[in-house]
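Reader: I am new to this structure and would like to go through it slowly, one question at a time. Could you begin with whatever wording I will need?

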Amino acid sequence: MKGMIRITAIVFSVVLLACFSAGAQEAIKIGVIEPLTGPAAYDGQSVVEGAKMAEEEINSKGGVLGRPIRLVVEDGKADPAESVNAAEKLLTRDRVPVIMGAWASSATLAIMPVMKKNTTPLVVETATSLKVTDPPGEWVYRICSNSAIDAMLMEKYLVPVLGFKKVAFMAANNDFGRAVVTFWGEAVKKKGGTVVLNEYHAPGEINFAPSLTKIATSGADSIIITSDIQTASNIIKQTYEMGLAKIKRMVTNGIPSEAIVKLAGAEASEGVLVHNYWVPFASHKGQEAKNKQFVDKYMAKFPNKPVDKYAAFGYDGIRVIAQAIDTARAAEPGKIKEALKKTKMDGLTGNIQFNDKNQALPYSSVSRIEKGKPKLVVHLN
Amino acid sequence: MLAEILQQVINGLIIGSTYALAAVGLTMIFGMMHIVNFTHGEFYMLGGFFAYQLAAFLHLNYYLSVASAVMAVMAVGFVCERVLLAPLRGKSIDTTVLVTIGLSIFLQNLALLWWGPTPKSIPLPFSNMPLRWGPVVLTWSRVLAVTVTFALIVLVHVLIRKSLLGKAMRATFQEKDSARLAGVDVERIYALTFTMGSGLAAAAGALLGSIFLIYPAMGNMAILKAFIVVILGGMGNFLGAIFGGLILGVTEGLGAGFVSSGYKDAIGFVLVILILMFKPSGLLGKGRRL
């Protein structure tokens, strides 16, 4: 009798073990580095939300290579040192075969050497400094735009059409802000405009009265603002409070208009121009149905947050990665990298294909905030 | 050019007065109780968040929200003092530093969990339309901040200098045991001072939060500036805290306007270093005077 019980127990355990190891297919981990805290937390959260939507969607259709994907999200705080820590954690502790991140240009540039050393591919979802793809790195693939492309597309509108003749730049004092000032400044000068002032601020700065006072007496007829959502909205709010609302104001790099209106107020945001990437209210040709589907799903999942380009890039980034893993037939860094090169995806943010610098060309447009709502001015490509 | 300087100076004075408000609270705690209170920044932050919660969610009148937020933070300060700091009376300063740092981390992360990292805007009952006052542009929230700050500082000054309670406070911090012999309830004075200091920080947080945005980490810069101002003005020196705050505010404004805005904070700190090099006990510091 005792022997029978013992044998039954052993058989039972073996069966259980077999069940668990067969049923629980090991998930494919995808590393994600975004700012979850700090001044860029709003933006980072949006990216993660979009990424999570992609994760859910992909897993509901059976995952990749028969396995579910699992996002491993680390807080890079949009800070170079923290993002490097996050990358090291993901690569050594979690052994992810691919990472999407790290939101900020400075942070992304900081983790690129780490990715190279660990021969693991990086999909860049929002960083726009040209240096990310110039010189091109074999392990770095950018789905979002860069400041050189943006400036080139904006060139025929900034001075001739929008009348930004005497420009004051207010930019974050990092690779992102400086890239915009460099390239957009050239675009202004090429068409006969002048750059009157370059005012840099530390990311997280809240008091812009000194800079705005300088701009008010400088004779500038336009202000171009480059920063994270929170800081940019704060600047818009203060331009209004300092009586500068009559000067033309433009916010770069797809800061969502809804967030600006929410944080700065409709009064203060009246007339603000926004340089956009993906926007929910102005689909490029043929994209309407797909965008509506995404927006509806997002709003159902995250009812208190307006959907923005960060979510769209997060979503597209994960889908590009999943497609690459599928093409590679393996969750292996080297093979994923090769597969990424051949990416062809009709994404939300654009027709995603990488050129010889591993750079894609996303949609962009310009809109204006009127009575608290964004209105399309022109599609740039 | 003159208009620009005037505007920078006025903005500097407005921001500086809020630095002064936070610093006065800190100088009371730091200078009088000799407690290095790292939680001061979090009381500042909670002042902003409580005001936001009351005004945005309970739709309470704005002025009432700010006043209630200050009182709520004073209650929090009272509890902290009684539960965490009173048992450590007489222990080394390192212990209180550790405790207040721990408390600050706790409160900041609690706020992060509760309200999330996205910055929020305190709903105001008035518009923030620019008001022109000659060559200078202001907003009502800035005027309000300066007025309330001024009123609070005067109130506290009158309390400390002219009231019996103020006398008891000064006695306690000058010579605790003699004060006890004279009949002062020393424990009550400690609790009261800490509570008042927290209340002032909360007021600064609610007022500045109404001008800018509120977010859980907002206390970090605030406490750094408050400590600098306290040291600049002389520890425990009330008037020093006020002057220090105003000087820091104006220097930052002029520095950003005429030197470089990227280095705005650095310029303010460099000034402080220079002043301390020539006057190590602070601008008005001569030991412990109120």
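Author: Two strands are said to pair if DSSP finds at least two bridges between them. Please keep in mind throughout that this is a predicted model.

Reader: With that definition in hand, over how many bridges do strand 4 and strand 5 of chain A pair?
Author: Pairing requires at least two bridges, and strand 4 of chain A, residues 122–124, meets that requirement with strand 5 of chain A in the parallel sense. One of the bridges joins L122(A) to V140(A) in strand 5 of chain A. The number of bridges between strand 4 and strand 5 of chain A is 3.

Reader: In what order do the 5 strands of the open sheet in chain A lie?
Author: The pairing in this open sheet of chain A is parallel. Its edge strands are strand 2 (69–75) and strand 5 (140–142) of chain A, each of which pairs on one side only, and these two stand at the ends of the order 2-1-3-4-5.

Reader: At about what angle does helix 2 of chain A run to strand 2 of chain A?
Author: Helix 3 of chain A, residues 80–93, lies across strand 1, strand 2 and strand 3 of chain A and runs at about 145° to strand 2 of chain A. Helix 2 of chain A, residues 41–60, also lies across strand 1 (28–34), strand 2 and strand 3 (99–100) of chain A, and its angle to strand 2 of chain A is about 170°.

Reader: Is G317(A) buried or exposed?
Author: G317(A) lies in helix 12 of chain A, residues 309–328, and, leaving aside its neighbours within four places in sequence, it is in contact with A51(A), M100(A), V123(A), E125(A) and I143(A). A residue counts as buried if 20 or more other C-beta atoms lie within 10 Å of its own. Because G317(A) has 29 other C-beta atoms within 10 Å, it is buried.

Reader: What is the radius of gyration of chain A?
Author: Chain A has 13 helices and 14 strands. The globule rule gives 21 Å for 381 residues, and the value for chain A is close to this, so the chain is as compact as a globular protein of that length, with a radius of gyration of 23 Å.

Reader: Which helix of chain B gives the most to the side that touches chain A?
Author: The contact takes 25 residues from chain B and 24 residues from chain A. On the side of chain B, helix 1 (2–33) and helix 10 (238–258) each supply at least two residues. The one that gives the most, with 6 residues, is helix 1 of chain B.

Note on methods
Residues numbered from 1 in each chain as written. Chains lettered and ligands numbered in written order. Predicted model: local features only at pLDDT ≥ 70, side-chain atom pairs only at ≥ 80, totals over all residues. Helix = DSSP H or I, 4+ residues; strand = E, 2+ residues; numbered from the N terminus. Buried ≥ 20, exposed ≤ 12 C-beta atoms within 10 Å, placed from the backbone. Contact = placed C-beta atoms within 7 Å. Axes fitted to C-alpha atoms, helices over the stretch in contact; angles between N-to-C directions. Rg over C-alpha atoms; globule rule 2.2 N^0.38 Å.
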